[in-house]
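Try each task before reading its solution.

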Amino acid sequence: MLEVRSLCFDYPNHPALVDVTFALAVGSVTALVGPNGAGKSTLMRCIAGLAEPLSGAVYLNGVAITDNPRLAHRDIGFLEDEFGLYDELTASQCLHYAAAARGVPDANLDARTDAVAAQLDITHCLPKRVRELSRGQRQRVAIGQAIISAPKLLVLDEPASGLDPEARASLAALFRRLQADGITLLVSSHILTELEAYSTHMLVLRAGRMIEYRSLSNVAASAAPLQSERRERSLEVVLQVPWRDWATLPLSGVQIRTLAPESTVTTDATHLQIEAEFDDAGQTALLQQLVNGGAHVLSFGETRQTLAASYEQSIAGAPKTEATDATEIRSAQ
Amino acid sequence: MSMQPNPEFRRQLWLQISATRLILAPVVIAIVVALLASTGPTTNAIHGTAWVALSLTVLFWGTSVVGTSIRDEITGRTWNQQRMSRLSPWQLTSGKLFGATSYVWYVALLCALVAIVSGRDASSGLDPHNPAIEYVFLLALGLFAHSVALMAPLAFQSGNGEPRVSVPSIVVFALVFVLFQAAPLGASRSGGEDVGTEWFGISTTPQLLAMWTALCLAAWGILGAWRAMRQALQVQQLPWALPAFLAFMGVWAAGYASASDTSLVTRVLIGATLALAAASWVLMLWEPQSLFAWRRIRAHWASGEQARAVAGTSAATGVVLCAVVGALLVAVMNAMSSGAEVAGVQPTGFFMKTTMSSKLSLTSHAGAFLWLALVLIRDFAFTLLADTFTTSPRRRSAVILLYLLFMYLAVPTALQVVSSAGGEWWFPASSVVVPIILALVTLLAMVGALTSRMPRSIIAPKS
């Protein structure tokens, strides 16, 4: 989808990006995080083909953005940190203009405008001048402009900046819908809890260097389409009644390994922690074995790391700080 | 195949044209005409007022509107959306050039109608033989001014490649004012004599020559705006347009040269070289060529992308190169002609007469053009050196301006104080030997400083 290779970008007195390399998977939502001055906005501008790097290359579906920015722009929607709108135009005119400027045929302009407005829940705003809209509504119009040509990649720099909590939640829901529609998203923000609501991957930058790029499959509330995949999961079982000898039950490491061959199991009296590759069916089968074996399961679920903790870990190399996922399965037994 | 309307032009119409504005303009004009008519029986006053209003509308209001159209996109943070759109460079150029000024042209049309109707009965002012020339001249000059206003912020980018918002409109206005004043219209309107002129030996009227000149400038301006837009939209292109324009200006100026013993080629070459040299200093001063750009060029070159490296060089580089080559050619040609006078440019044209008080004589020295080539290289080397120790385009421009003032004002003044003929040691006049030696010495010093500093500086800093 998007491939960044050895990207370097310099400002006159300091390097903004140093040898940044990563690749985004189709349909992923990547949280781009890092302290101020890390190079997030510069990286986004390079990906959007708005800034020419010193060296390195950015490819979008095989097209080198650095060589053919005009060609690559057809598949990219970009919302800058401080986005602009034509205040004197109506929201409808803004979307019409954006659609026409991005190559939507004239015959489809009305239909496309209406569809995007409905998708963003701003149909009622269409006849109003943009300057009369609220911050959240303006944000949606700006996003509408970015997605009106159905880009394959949507790059958003601090999209929730200045929004109230309700608007942020609404924006998160919107991003999940866009992801469900097959759009790949790269989103930067300082508000990690907001990114946590929809991100599937995390890209950490510091001082222009990429610290880490990884999947957030074990991060709380990572996006729904990855839930049923077979992947590394960290499962935690909490028992109501302490169990003295785990090995005597169907929960022994040997039996668990029949479900998940490469598993790591740690136990104490009331807790069982299993790190293994599971799919949903395997996870269900494990719970069933526990219950059938007589364990009084108080809670059973995937242990997920918060994005903030994951970020801290990436930046400082600190040990994991874990929090229990809200999607625990509780058993009455 | 259906024609898709230009979205940028349509957006500009949404912003510029409304029923209220369409009605307002003729109402205001009608009121002014009625007031003028009621104060006295003078069609001349109405015609004169309409003409002035037309000129101000086209040249100043229109120029201001076009200049603002880019500035507003940048300050309104919508410029990058346009850069990422699928609008072609021509769609954006024409949309802004003609769409942003749509209301201006509407008002101008109304003013022109009043001027034409009242001008039929006016007793003075217009060229009685062909009044249309004035209107065509004004239209062309307006288009040229609008194009320059659009091109300027795009062509002169800031250090990070963004268009420079701060290119002052006053510069464009000054350019328009000079051209307007230099044109024959002011003289003919104030009862000036109907002078004749020659251009490349062709006898014509200054009015007609001014009209064709303005039309050519308008075409060059639109071409320049389009190419600046292509650059802003990251369409790779080779930097041929500015040298070509300056060569055109050289040809244009050479048309006024009256020396009969000089070949046309020599005259054109001299005119083009001088135009290129003048543009070189302007670009050296104004165009930011940051280390960032040099590092990128170096990186492209190192990775075997020579075409991208060449395309990434500044306009100043190309223009200085052309000027140096031109100066050396003139020097060689002059040397081969055994020191005969290269050209004696007599300001016979109207423009020349109004701007030059006496004969402009290009002295007959091959050495003078050799000196010109040397100082151009030296000054360009200094601009590169300035890139290595300045961090902002503004500071860079200030440093280069100080350098130019030092080299071309302070040093000759100081030499003049030392000796009454000291200035001639610096600028070639009666003798060229000393100025050439001094130019060579300063050039070598500059290149020495540059070669010791540049290789380190264009390597990306390590974090």
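**Exercise 1.** In this predicted model, find how many residues of domain 1 and of domain 2 of chain A are in contact, and describe the side that belongs to domain 1.

Solution. 
1. Count the contacts, taking C-beta atoms within 7 Å. Domain 1 of chain A contributes 13 residues and domain 2 of chain A nine.
2. List the elements of chain A that give two or more residues on the domain 1 side: strands S3 (29-33), S9 (201-206) and S10 (209-215), and helix H7 (192-196).
3. Sort that side by class: seven residues are nonpolar, three polar and three charged.

**Exercise 2.** Determine how many residues each chain gives to the contact between chain A and chain B, and which element of chain B gives the most.

Solution. 
1. Chain A provides 37 residues and chain B 31.
2. On the chain B side, helices H1 (7-16), H4 (79-84) and H13 (291-302) each give two or more residues.
3. Of these, H13(B) gives the most, with five residues.
4. By class, the chain B side holds twelve nonpolar, 13 polar and six charged residues.

**Exercise 3.** Describe the largest nonpolar core and the surroundings of Cys111(B).

Solution. 
1. The largest nonpolar core has 127 residues. Its members that touch the most others are Ile47(A), Cys94(A), Val155(A), Val187(A), Leu54(B) and Cys111(B).
2. Helix H7 (residues 132-155) of chain B supplies the largest share of this core, 15 residues.
3. Leaving out residues up to four places away in sequence, Cys111(B) touches Ile29(B), Ala50(B), Ala53(B), Leu54(B) and Thr57(B).
4. Another core, of 48 residues, lies apart from the largest one and includes Phe245(B) and Leu372(B).

How values were computed: Residues are numbered from 1 along each chain as its sequence is written. Chains are lettered from A and ligands numbered from 1 in the order in which they are written. This is a predicted model: local features need pLDDT of at least 70, side-chain atom pairs count only at pLDDT 80 or more; totals for chains, interfaces and linings use all residues. Two residues are in contact if their C-beta atoms, placed from the backbone, lie within 7 Å. Helices (H or I, at least four residues) and strands (E, at least two) are DSSP runs, numbered from the N terminus. Ala, Val, Leu, Ile, Met, Phe, Trp, Tyr, Cys and Pro count as nonpolar, Asp, Glu, Lys and Arg as charged, and the others, Gly among them, as polar. A nonpolar core is a set of buried Ala, Val, Leu, Ile, Met, Phe, Trp, Tyr and Cys residues joined through C-beta atoms within 7 Å. A residue is buried if 20 or more other C-beta atoms lie within 10 Å of its own, exposed if 12 or fewer, and partly exposed in between; C-beta atoms are placed from the backbone.
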